[in-house]
Amino acid sequence: MNRISCLIIETDQEAIRHIDILGRTIGSLEVRWKTNSLETGIAIIRKHLPEMAIVGLGQVPTASIEGISALARDYPSLYILALSDKSDSDLILRAMRAGAHDFLCKPVKEIDLRAAAEKVYKLKAARMEKRPDSGRIVAVFSNKGGNGTTTIAVNLADALVRYHGKKVAVVDLVLSHGDVTMFFNVNPSYSILDLAKNAQKADYDFLHTLLVKHSSGVYILADPPMIEDAEQISAGHVKDVLNTLRSMFDYIVVDTPHQFDERTLTALEMSDTILLVSLLNLPSLRNTQKCLSLFGRIGLRDERVRLVLSRYLANDEIPKDSIEGILNCPVFFAVPNDYPAVIASVNRGKLLRETSPDKEVTKSFREMSDLIVSPPVPQDAPESKKRGLFERMFTSPRRAK
Ligand SMILES: Nc1ncnc2c1ncn2[C@@H]1O[C@H](COP(=O)(O)OP(=O)(O)OP(=O)(O)O)[C@@H](O)[C@H]1O
Ligand SMILES: [Mg+2]
């Protein structure tokens with residue numbers, strides 16, 4: 001079994017030496033990094049991702065406790081132990097509330113360190129066990145911009161966490177100009193580029209640190225920081241990323257770009273549900289019709305594709321019921337039109353639930369999440385074909401209009 005990698009952030013050299021010796025005695029713990037500075041410790045964690053960090057509270061516990069709080073927030077899988085020469089109950093409580101998993105009192109006892117190492121092993125094992133490759137991918141797609149795909153992706157993800165207790169990630173696949181981080185008002189240190197590069201080789205704990213957790217509980221995998229970075233991500237990367245996330249989350253909601261490039265098609269093909277977003281106006285419906293027709297030609301036109309009307313007005317000139325006949329596709333869901341509510345939430349970097357909890361548009365995302373978790377019984381699906389999707393798309397004969 002691999003030994004647990006441990007970092008000690010502590011000014012007391014004698015305490016460090018003592019823990020180092022105990023680690024060797026226990027055998028299952030390896031003190032690989034030692035520093036007396038919190039700043040250096042954080043840099044080590046960012047670079048090497050140890051499994052355990054022992055943080056000395058020292059003479060200025062407040063600063064160390066703030067450090068623990070930041071570590072617990074940014075590195076959810078890091079096992080944090082607070083270390084102090086005082087076993088003051090108030091201090092213990094503050095450290096635990098900040099996110100420390102346990103508290104060690106100097107001089108550290110072998111039995112306590114051993115117990116902590118065992119807990120890390122157990123947590124690791126539980127994480128590995130808990131998630132078979134069962135996460136469901138929900139792609140939100142529209143072949144036309146501005147229809148509301150990001151609004152739907154973000155608020156649906158929130159509803160899946162909030163009302164169904166699911167572990168949810170949102171992936172921004174709009175690689176050159178994604179909006180997801182702005183909608184959530186987060187500023188992540190990592191992006192899909194980092195996950196793409198590491199998906200094959202890194203473990204669960206490391207990959208988790210590449211996503212940022214929003215206060216709603218939704219994890220976000222951001223678009224790359226620079227427009228030109230998008231080119232470094234291939235369709236193969238998208239496949240690796242989504243497969244990896246499937247093993248970590250219950251639902252992966254993907255905000256997709258509006259064009260059919262190979263990366264988008266890979267995501268669509270891997271999806272369990274494709275929410276095809278349209279507006280109830282003729283130009284948009286015509287585009288949706290073309291899109292459904294393409295899905296048909298490339299073998300994607302099956303029960304996975306769910307038509308979602310965005311910005312829906314009940315008294316619209318085009319009745320909703322007539323759409324099913326025109327498009328030969330049932331309307332799965334209609335998101336009410338409420339521009340003031342939606343734009344206010346976007347401009348504030350908040351979720352609709354936070355800015356307009358009582359509006360119909362907000363409530364609709366709860367209903368949509370119910371349907372995603374317990375979908376209506378699907379109709380018979382056409383058989384899936386074997387050739388690659390991209391290949392099929394570009395080798396399909398052009399249809400006469
Ligand atoms: N249900 C809604 N009611 C009213 N306005 C909405 C609704 N959903 C989205 N909008 C508005 O539509 C515009 C586009 O929304 P959004 O950014 O979600 O769409 P998108 O398809 O992701 O756009 P883009 O092509 O820029 O990625 C925004 O101004 C947004 O406020
Ligand atoms: Mg968008």
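Among contacts in the chain between residues at least 6 apart in sequence, those that join residues at least 24 apart account for 75%. The model is a predicted one, and its chain holds 17 helices and 13 strands.

**Overall architecture**

- Of the 401 residues in the chain, 41% are buried, and the C-alpha atoms fill a box of roughly 80 × 45 × 40 Å when this is taken along the principal axes.
- The chain is divided into domain 1, covering residues 4-130, and domain 2, covering residues 136-395.
- Taken over C-alpha atoms, the centres of domain 1 and domain 2 are separated by 39 Å.

- Strand β10 is mostly covered, since 5 of its 5 residues are buried.
- In a regular strand the side chains alternate between the two faces of the sheet.
- Both faces of β10 are covered, with Y251, V253 and D255 buried on one side and I252 and V254 buried on the other.
- Strand β10 pairs with β6 in the parallel sense over 5 bridges, and within β10 the residue that I137 stands opposite is I252.
- Strand β10 also pairs with β7 in the parallel sense, again over 5 bridges, and here V170 stands opposite V253 of β10.

**Helix α10**

- The buried residues of α10 are V238, V241, L242, T244, L245 and R246.
- These buried residues pack against the strands β6 (136-141), β7 (168-172) and β10 (251-255), and also against the helices α8 (192-198), α9 (204-209) and α11 (262-270).

- Which residues come nearest to ligand 1? Of the 20 residues around it, these are G145, G148, T149, T150 and T151.
- The elements that give two or more residues to the shell around ligand 1 are α6 (149-164), β12 (305-312) and α14 (339-348).
- Helix α14 provides the largest share of the shell around ligand 1, with 4 residues.
- By residue type, the shell around ligand 1 divides into 11 polar, 6 nonpolar and 3 charged residues.

Terms used:
Residues numbered from 1 in each chain as written. Chains lettered and ligands numbered in written order. Predicted model: local features only at pLDDT ≥ 70, side-chain atom pairs only at ≥ 80, totals over all residues. Buried ≥ 20, exposed ≤ 12 C-beta atoms within 10 Å, placed from the backbone. Contact = placed C-beta atoms within 7 Å. Near = placed C-beta within 6 Å. Nonpolar A, V, L, I, M, F, W, Y, C, P; charged D, E, K, R; others polar. Domains from an automatic or database assignment. Pairing = 2+ DSSP bridges.
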